[in-house]
Amino acid sequence: MRAGQLRHRITLEWYREGQRSDSGATPTEWIPEAQSRWAEVKPLSTRMTFEADKANSDTTHTVRLRWRQDIANATGETLRLVHEGRIYRVDGRPMDKDGRRRELEIRCHEWV
């Protein structure tokens, strides 16, 4: 993976459940990582958007970043991305495209 392609700063946010309160409610929150990461954030091309629509997928963007074990194991229920104030929800699991643990590709959609 060429470093020049990683030109966007993203923040990873992890889902955590808090302590149960006296009323029985369990607060939930998204905790941002202390450090942002370099990534490539690309909207899907028209052709890929058309194919995603045929498959009933909400995917609107592809995010590529350096491989990391905890990110590779994440799902849309445990991880979301923030880029320039926009929140992206992860669709499925991140993919290790060549199986060499160098980069991950994450398909996601903008959370409005």
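**Salt bridges and the core**

Me: What makes Arg86 and Glu110 a salt bridge?

Reply: A salt bridge requires a side-chain nitrogen of Lys or Arg within 4 Å of a carboxyl oxygen of Asp or Glu. The closest N and O atoms of Arg86 and Glu110 are 3.5 Å apart, so the pair qualifies. Arg86 belongs to strand S6 and Glu110 to strand S7, 24 residues apart, and the pair thus links distant parts of the chain; strands here are DSSP runs of E with at least two residues, helices are runs of H or I with at least four, and both are numbered from the N terminus. This is a predicted model, in which local features need pLDDT of at least 70 and side-chain atom pairs count only at pLDDT 80 or more, while totals for chains, interfaces and linings use all residues. Residues are numbered from 1 along each chain as its sequence is written, and side-chain values use heavy atoms, with hydrogens and water left out.

Me: Why is Arg86 called partly exposed?

Reply: Buried means under 20% relative accessible area and exposed over 50%, with partly exposed in between (1.4 Å probe, protein chains only). Arg86 has 42% relative accessibility, so the label partly exposed applies. Glu110, with a relative accessible area of 31%, is partly exposed as well.

Me: How do you know that Arg80 and Glu13 are joined, and are they buried or exposed?

Reply: Their side chains meet in a salt bridge at 2.6 Å, N to O. Since Arg80 lies in strand S5 and Glu13 in strand S1, the pair ties together parts that are 67 residues apart in sequence. Arg80 is buried, with a relative accessible area of 12%, and Glu13 counts as buried at 12% relative accessibility.

Me: What makes Arg64 and Glu103 count as buried?

Reply: Arg64 has 17% relative accessibility and Glu103 has 13%, so each value falls under the 20% limit for buried residues. Arg64 also forms a salt bridge with Glu103, the closest N and O atoms being 2.6 Å apart.

Me: What makes the largest nonpolar core a core, and which residues touch the most other members?

Reply: A nonpolar core is a set of buried Ala, Val, Leu, Ile, Met, Phe, Trp, Tyr and Cys residues joined through side-chain atoms within 4.5 Å. The largest one has 17 residues, and among those that touch the most other members are Ile10, Val63, Ile71 and Ile106. Strand S1 (8–17), helix H2 (69–72) and strand S7 (103–111) are among the elements that each supply at least two residues of this core.
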